[in-house]
Amino acid sequence: MIATLRYEFLMQIRRPVMWIVYGLTFVVLVATMWPGYRTLDLGLGDGHDPKAAMLASARLTMSLLAIVYGCLLADRLIRDRRLGIATILEAAPCSAAGRLVGKYLGVCAATAVPIALVFFGRAVVYTFTEGKVETLAWSLAVFATVILPGLIFLGALALAGPLLMPPLPFRVLFVAYWFWGNLIPADMMPTLSHTIFAATGDYAAYGLFDRARPDAVVYGWPDAALNFLRPAATPAVAVLWMGVMVALAAAILLLTRLHAARSES
Amino acid sequence: MKPFVLWAHEVRRAGPAALAGPPALVLLMTLLAILGARLGSREPTTAFMLAGSLEMLIPLITGMAAASSLGRDQAVELQLTLPVGYRSTVLRRLAVTAGWTGLCAAAGSAVLALGGWWALVPGAPRGLAVQLTWLAPALWLAALGLLASAAFGSAVAATTTVALVWVAEQVVAGPLQASLPSRLLYLFATTRGTVPGDWTANRVVLLTTAVLLVAAAWPLLGRAERVLGGEKE
């Protein structure tokens, strides 16, 4: 497992295409969200508070970079079969489950590196411009609780999705899913966004860090459908959200393993 | 007979999954148009979702399909020795997927016209110009996908570029519409609104720049060394 992890990590992180696409995305992120990305103030006037600024940074970073993360992961699992090396790998003296977990951890970690670089880079810049050292501590806490659980779930989803359908429809659906299920306001149409199944980390931001909504209302959309999936954002629910993300990832990987075991026999 | 065989080959090559997507979308739109009221959706909302499917999802499909149209040729060396140029093969491939998606979009637009939904979409034009709602952004994103695919030589990078542009235009609709150049290039001017009177200009600019994007991709596609490089994994 460790060997697979190391190999997959290095293979992905040395892929020039990954850095080119992330670089382009970062340019787009800065260009399109410029005033907000400079002040890290999402209309609340709290751009000088390190905690709120880091939450805003996490939100802006994830809104676009998660797309790249998912699309870059989408071809990794089916690659072995397409290149015709799956049978050779199966002859290797290590368990198939170990290889799957190693591959998952390796490629996800490598693909998350640019996201971490962008996020922590912004935190370092903020530390210097605002002169507040506690920013770095807040950025670590926000990354671990708001961004990381979402990446754990999205990684498993993007890795396993192309097993069910060709990569092209999967990417279209993934983009549509990201927009529909995570970014749109909850009362626009029936959606998973802002629910406990959304990957944007809203529950951690509101539950653990007391982020206030722009209209200063408590977490909730009175008119939205599927509201039973949107419990009040308390610290306990935030921990539950992280658990849901990890459990979903584990379930997807388990299904992937079962799928592979079936197609082998 | 030869051209027909070539076209039939491209249809088979596109695969059932890529060809089934657009009709499935039109089917969903029809269901929504019929059952929307029963599901509790208000009429303007239903009209917005129907027009949105045409203006947002159809371009996403054509863009992603164009972005992954290169780099999957098994024996590209052989193909380059044939009298048929590689560029015309690529264009034929694009014409198949984009043409099929366009046909489905026209059917979807007919659904909206039959139900009288276009009248409920603010900013939608009257008459034939209504087809530009989906045609202009679909061609633009397809041209972008082709250029990205030719420039990067990788389906992953190209599809991600298209996806990124699509999501970015959705997320930052407000700021993009604030200045004139980005407003004229904005993809979703019908459903997300634009300045009155700018709609036609926006569509014309999108179609013109789509031609420019294809023109930029043209020399890249003509270089055999780039094509031979294959997909960079």
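At what angle do helix 2 (residues 43-67) of chain B and helix 4 (residues 86-114) of chain B pack? The legends below answer this question and describe further views of a predicted model.

**View 1. Packing of helix 2 of chain B against helix 4 of chain B.** The two helices pack at an angle of about 175°, and their axes lie 10 Å apart. Because angles over 145 degrees count as roughly antiparallel, helix 2 of chain B is roughly antiparallel to helix 4 of chain B. On helix 2 of chain B, the residues that make the contact include Leu50(B), Leu54(B), Ile58(B) and Ile61(B). On helix 4 of chain B, the contacting residues include Leu94(B), Thr97(B), Gly108(B) and Leu112(B). Sorted by class, this contact has 11 nonpolar and 6 polar residues, with no charged residues.

**View 2. Packing of helix 2 of chain B against helix 5 (residues 132-152) of chain B.** Here the angle is about 20° and the axes are 7 Å apart. Helix 2 of chain B and helix 5 of chain B are therefore roughly parallel to each other. Their crossing is right-handed. Helix 2 of chain B contributes residues including Glu55(B), Pro59(B), Gly63(B) and Met64(B). Among the residues from helix 5 of chain B are Trp134(B), Pro137(B), Leu141(B) and Ser149(B). By class, the contact of these two helices has 15 nonpolar, 5 polar and 1 charged residues.

**View 3. The side of chain B that touches chain A.** In this view, 29 residues of chain B are in contact with 27 residues of chain A. Helix 1 (2-35), helix 2, helix 6 (155-171) and helix 7 (173-178) of chain B are the elements that give two or more residues to this side. Helix 6 of chain B supplies the largest share, 12 residues. The residues on this side of chain B comprise 20 nonpolar, 8 polar and 1 charged.

Note on methods
Residues are numbered from 1 along each chain as its sequence is written. Chains are lettered from A and ligands numbered from 1 in the order in which they are written. This is a predicted model: local features need pLDDT of at least 70, side-chain atom pairs count only at pLDDT 80 or more; totals for chains, interfaces and linings use all residues. Axes are lines fitted to C-alpha atoms, for helices over the stretch in contact, and angles run from 0 to 180 degrees between N-to-C directions. Helices (H or I, at least four residues) and strands (E, at least two) are DSSP runs, numbered from the N terminus. Angles under 35 degrees count as roughly parallel, over 145 as roughly antiparallel, 65 to 115 as roughly perpendicular and the rest as oblique. Two residues are in contact if their C-beta atoms, placed from the backbone, lie within 7 Å. Ala, Val, Leu, Ile, Met, Phe, Trp, Tyr, Cys and Pro count as nonpolar, Asp, Glu, Lys and Arg as charged, and the others, Gly among them, as polar. A crossing is left-handed if the near helix is turned anticlockwise from the far one by less than a right angle, and right-handed if clockwise.
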